[in-house]
Amino acid sequence: MTIHKTDKWIKDFIQQRKQDRVTSTSLHQTIICEPLTDYFHFTPKEVIQEHLWQHGLFSPKISDSDAEKWLKQDYLTKVRVLYHKCRTTWNGPETEIFILPSNEEIKELKEWFNSNAGLSFPDKLFIFLNKQASNREIAALFLHEYSHVCRLNLFPKDEVEYNLLDAIILEGIAEWIVRKKVGKEYGNKRIKELSDNSLQALWKKWAAPHLGITRDHPKHDMIMYGGRRPPKNTGYIIGYNIVKRYMKEQQCSIRTLLGTPNERIVETCSFLHN
Amino acid sequence: MSHFDFCRRNIGSPVKIVTRDGVTHRGYINRVNRSKVFIEPFQRRGLGGYGYGFFGYGSGLGIGIALGAIATIAVLPFFFW
């Protein structure tokens with residue numbers, strides 16, 4: 001199975017919640033998160049729930065009408081078409097896909113990502129969509145996440161060894177693909193086009209000294225997601241601007257780009273090391 | 001400045017808090033009320049994956065520290081974690 005029948009999970013959740021509203025959090029755990037335990041090495045359902053919540057999964061408080069509006073969109077069919085197209089064109093791997101509603105109550109997610117979010121692993125991906133996502137929004141989110149799955153599958157190392165440079169280039173590639181294929185106005189809204197000087201300054205200050213840190217190091221997420229210092233999504237901004245320069249020079253296919261080593265992409269921007 | 005005001009102004013920042021019993025806590029300020037500050041440990045990755053960020057929904061408010069128990073609190077500069 002590749003695209004899981006998550007629409008049925010949502011229907012079951014809404015149906016059963018009508019009978020007992022008090023236990024909506026545990027229903028959410030049982031109906032939405034328990035089927036996922038097989039794909040997370042049998043991690044407890046409450047740990048999966050917490051993790052997916054932090055990445056934008058809908059809350060147990062979602063209203064019946066919002067859930068019904070979401071179901072009417074038939075997102076599963078739309079994603080299926082995109083998946084087959086990308087898989088063929090990029091020669092991508094088969095993967096497990098879970099499409100679920102997003103949490104539209106989270107202000108930051110709404111303001112910056114229009115309440116659409118995703119989460120990708122080498123063997124699975126999650127798509128969290130708002131109740132009225134446009135076809136282009138769905139395409140932007142799916143292309144972003146599936147490009148991660150494709151590239152992660154080609155990484156010659158384990159997940160625990162992924163480092164900051166891997167994340168910067170991974171996100172840079174995903175954002176470049178979204179802008180190229182879906183449109184400049186899609187993707188992470190915090191990403192700006194930078195001059196060589198600005199890119200060099202960001203690279204030297206935030207990326208270069210920390211390229212080898214792995215994902216469990218606290219600075220990894222601060223540089224990728226950011227806060228006050230460094231600014232939000234610094235890693236994404238650096239990555240996008242490097243990949244953009246690389247693709248301007250190389251003009252290769254997305255399929256080739258997805259398999260290009262980090263170092264080769266960074267080499268294009270020789271000014272970074274001046 | 002009171003601990004409450006300090007925490008309120010620095011929500012989202014990485015801090016080091018030493019409580020009166022000598023225990024050191026490090027993390028991001030998640031939220032604060034008149035009696036407690038909640039900090040989220042730096043290691044947040046949990047189950048991994050590549051997403052758009054952490055949006056903080058859920059029961060995980062982090063560790064609650066009573067404001068009255070705080071001896072010192074300081075924002076950690078990025079290069080001194």
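**Confidence of the model**

In chain A, confidence is lowest in helix α10 (residues 218–224), at a mean of 86, and highest in strand β1 (residues 96–101), at 98. Confidence here is pLDDT, the predictor's score for each residue from 0 to 100, while helices (H or I, at least four residues) and strands (E, at least two) are DSSP runs numbered from the N terminus. The mean pLDDT of chain A is 93, and 98% of its residues reach 70 or more.

This is a predicted model, in which local features need pLDDT of at least 70 and side-chain atom pairs count only at pLDDT 80 or more, whereas totals for chains, interfaces and linings use all residues. Residues are numbered from 1 along each chain as its sequence is written, and chains are lettered from A and ligands numbered from 1 in the order in which they are written.

**Two domains of chain A**

Chain A is divided into domain 1 (2–154) and domain 2 (159–273), with bounds from an automatic or database domain assignment. Their C-alpha centres lie 25 Å apart. The contact (C-beta atoms, placed from the backbone, within 7 Å) takes 15 residues from domain 1 and 17 residues from domain 2. On the side of domain 1 that touches domain 2, α7(A) supplies the largest share, 10 residues.

**A residue within the fold**

Leaving aside residues up to four places away in sequence, A:V243 touches A:I169, A:G172, A:I173, A:W176 and A:I265.

Conventions: Two residues are in contact if their C-beta atoms, placed from the backbone, lie within 7 Å.
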